[in-house]
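User: Could you walk me through how the labels on this model were assigned? I would like the cut-offs beside the values.

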Amino acid sequence: MAVLQASGITKKFGKFTALDGVDIEVKEGEVYGFIGPNGAGKSTTIRVLLGILKATGGEVKIFGMDAWKDAVEIHKRVAYVPGDVNLWPNLTGGEVIDLFAKLHGNSNKSRREELIRKFDFDPTKKCRSYSKGNRQKVALVAAFSSDADLFILDEPTSGLDPLMERVFQECVMKAKREGKSILLSSHILSEVERLCDTVGIIREGKIIETGTLAELRHLTRTSLLVETKQPISQLEQIQGVHDIENLQQGISLQVDTEKLGDVITYLSQFDIVKLESAPPKLEDLFMRHYKTSNRGGGAR
Amino acid sequence: MMFTGTWRLLALIVRRDRIRIPIWLFALTLMTIVTAPAFEGLYKTQQERQVMAETMKNPAMTAMVGRGYGLGDYTTGAMMAHQMLLFTAITVAIMSILLVARHTRADEEAGMIEMIRSLPAGRLSNLSSALLVMIAVNLVLAAATGLGLAALRIESMDMEGSLLYGAALAAAGIFFTAVTALFAQLSENSRGTIGLSFAVLGISYLLRAIGDVSNGTLSWFSPLGWVLGTEVYVNNYWWPVAFTIAAAFTIMALALYLNSIRDLGSGFLPSKRGRSHASVFLQGPIGLGLRLQRTAIVSWAIGMLLLGISYGSVLGDLEEFIGGNEMLAEMVSPAEGVTLTEQFMTMLMSVISMICTIPPLMMALKLRGEEKKNRTEHLLVRAVSRTRLMGSYLAIALGVGISMQILAVFGLWAAGSAVMEEAILFTTMLEAALAYLPAMWVMTGVALLLIGILPQMTSLTWLYLGYSFIVVYMGDLLQFPEWMRKLSPFGHIPQLPVEEFDTAKISLLVLLAAGLMLAGFIGYNKRDLQG
Ligand SMILES: Nc1ncnc2c1ncn2[C@@H]1O[C@H](COP(=O)(O)OP(=O)(O)OP(=O)(O)O)[C@@H](O)[C@H]1O
Ligand SMILES: [Mg+2]
């Protein structure tokens, strides 16, 4: 069952089209990774989902309710962490966490203390003195101590150090084990690869790729390094082979992941001495889309 | 060794504040030098000044501006010393507090002193350079003010008195320089430094106020009391200046000593830990709104009470006072069957109401301010609807508006009763003031409407209030046509008790206010939020 179903959302700011028919589906108990370059429309999408912005077109259903009309009802079961957390300078972190809990309605006290400890956070300081990472911790503690069913996280780790990022990942995995659904927008691919079941890639306001991690891996390339007894002939003629390079240690090449079997079969007839392969990285896919978006994507 | 590098750092401070300090000096000097001729022009004859002296002779005024000296022969000089010296000295103190905190604790907090200390600079070089700059700034101010006043060639303001006037201001500045330098050692952050220094300033003012209206002993425990003790232009005592400066140097020595024995970044007062949990008041949008504006609300409340008291304290001698002053007589158009005092009171009510409208507008517009800072999203993504959020800010605005109005009227009535032979009833005054609430609500409605529909233009609300102030307060004086007055909600309020209560007009205004607010709510529920 889909917890969150957005179909064909468009959002225009004046003449500028920030979102152009975005479709997202987050199923129950799934972690959905939402990735894309700067200015692609991730935050805008999330704000539409939260009913802060009104979509120009399209439909968003969360828990079967309309994201704009039934915002308050939906929000009782949603926890949100913005990428840029702005807090009230004269309140302490602890006060803000409690206020958020109260506004949410239901939240877990012992979980709050546990998270504060895990995130190594001092709740007695005024928000004015917190660093970006510490402000993010306020939002994270508030979110993960609530018993929301859907977590919407917009680049929640951009200010955290690696150790705290690990704590964050544990929180996400725990929530997932408890059957919660999570929408995670991110720039950090290792994080997405580790946590997400499904990935959607957005560019210039359009979802350009979407699918499970396995499906998307399929679209990526595996890099191989081979050494053979006999010289390999006509390698460049083989379908799915790219970027051939003659190195001292052998030949390095990139292979479309779906053609991997064919290529290995072809290579084996030249007596393989050594074969090293690097796992397909989401990054390659990401880079491919990033590169083609240079056409003005950055300036948008 | 401790002072190595002081001169270089002094040059750095001067360079960093090459605009800020001259602006302060210029504004302060100008404020003084413009007021003296203004007094001279407003009260031309000794007789007019004597009337003024009479109105100033009451406890409320004494508490506010200090004891008057030479009230029997109220010359322009005596008037300057009585009505201007204290407030100018307070402004000089504020300047000193802000500048010292900026160059001591604030720089330390920002890590700049650490950089400087890593260079061959002595431990006390920073504090001593800041102190030297501030002493110099205050001396320049003393010279500019003193010579400037003397150059006006007003008969009652001779060279000695003028120089003493300047010196008294500088003494206050140097004293609060020392106080701030001390708190910069005690507190470990700049807010604490500034806050504690302001607290000393506030207590000095209160001690002096209590002392001045009672037997006077307490005033001698207040540095502001010392400033007034110079009795400038009347008796010209120099010793309070010498005493103040001696006290300042003692405090500076203590500050330097404390600075020499402490670690960089630390303070002597234990830093207060904040709450780790929210209190029972901080539970929802209203609690949050009140908490965020707590300081503003309290300050405005005190301000409005003082405003009422200061207006009330002149009610006693009003008849003669207005009779003796052309400008005021023109503003209060006489009517039959009402006393001048009642006439004047209606004008006061409109002014007080318009000033009391400022805090509720601030409260309402805070909603937009919070949005601009991306802080309303924290509430809206939780179980708070837009209607509830805007409603909370509206509730705060309405509550604050009524409270301010009542406080001001209470001050007016309390001080008025103390000085008038036939006091006006509290209820009469309150009715006259509360009649203005619908106008205040219309203004609040305009604010909500703009927040809901034209969020980029919310500052138009202030423009509208400013317009109202000009046409309603100065309309008669500047002889504006009547329709200009009617463009402001304040121009439609019946002026009780001189005019009759007009139910139809008031109901219309209330309806208009409700309509504006409703439109604001609808707009706010429909539009995109920035954050
Ligand atoms: N209120 C607005 N008015 C006009 N344009 C806007 C507004 N908000 C966003 N945009 C534009 O919409 C586009 C998408 O912005 P968005 O913040 O959603 O990007 P993002 O994917 O979150 O980027 P990042 O990775 O940098 O956070 C950007 O080009 C941005 O300039
Ligand atoms: Mg973003």
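Predicted model: local features only at pLDDT ≥ 70, side-chain atom pairs only at ≥ 80, totals over all residues.

User: Why is His82(B) called buried?

Analyst: Buried means under 20% relative accessible area, exposed means over 50%, and partly exposed is in between (1.4 Å probe, protein chains only). His82(B) has 3% relative accessibility, so it counts as buried. Its contacts (heavy atoms within 4.5 Å) include Met56(B), Leu71(B) and Tyr74(B), leaving aside residues up to four places away in sequence.

User: What makes helix α5(B) mostly covered?

Analyst: Helices are DSSP runs of H or I with at least four residues, strands are E runs of at least two, and both are numbered from the N terminus. Helix α5 of chain B covers residues 76-83, and eight of its eight residues are buried. Among them are Thr76(B), Met79(B) and Gln83(B).

User: How do you know that Val472(B) is buried or exposed?

Analyst: The value for Val472(B) is 8% relative accessibility, and therefore it counts as buried. Val472(B) sits in helix α24 (residues 460-473) of chain B and touches, among others, Ser350(B), Met354(B) and Phe490(B), again not counting residues up to four places away in sequence.

User: Why is the pair Arg77(A) and Asp149(A) called a salt bridge?

Analyst: The rule asks for a side-chain nitrogen of Lys or Arg within 4 Å of a carboxyl oxygen of Asp or Glu. For Arg77(A) and Asp149(A) the closest N and O atoms are 2.8 Å apart, so the pair meets the rule. Arg77(A) lies in the loop between α2 (71-75) and β6 (78-81) of chain A, and Asp149(A) in the loop between α5 (132-145) and β7 (150-154), so the pair ties together parts that are 72 residues apart in sequence. Arg77(A), at 36% relative accessibility, counts as partly exposed, and so does Asp149(A) at 29%.

User: What makes Arg112(A) and Asp98(A) a salt bridge, and are they buried or exposed?

Analyst: Their side chains meet at 2.8 Å, N to O. Arg112(A) belongs to helix α4 (residues 109-118) and Asp98(A) to helix α3 (residues 93-104) of chain A, so this pair ties together parts that are 14 residues apart in sequence. Arg112(A) is buried at 3% relative accessible area, and Asp98(A) is buried at 12%. Together with Glu113(A), the two are linked in a network of salt bridges.

User: How do you know how much area chain B and chain A bury between them?

Analyst: Buried area is the accessible area (1.4 Å probe) that two parts lose on being put together, summed over both. For chain B and chain A that comes to about 3300 Å², with carbon and sulfur atoms giving 55%. His378(B), Val381(B) and Arg382(B) supply 21% of the area that chain B buries against chain A, more than any other three residues. In contact terms, 35 residues of chain B meet 40 residues of chain A.

User: Which salt bridges cross that interface?

Analyst: The rule finds three between chain B and chain A. One of them joins Glu95(A) and Arg291(B) at 2.7 Å, N to O.

Definitions and conventions. Residues numbered from 1 in each chain as written. Chains lettered and ligands numbered in written order. Heavy atoms only, no water.
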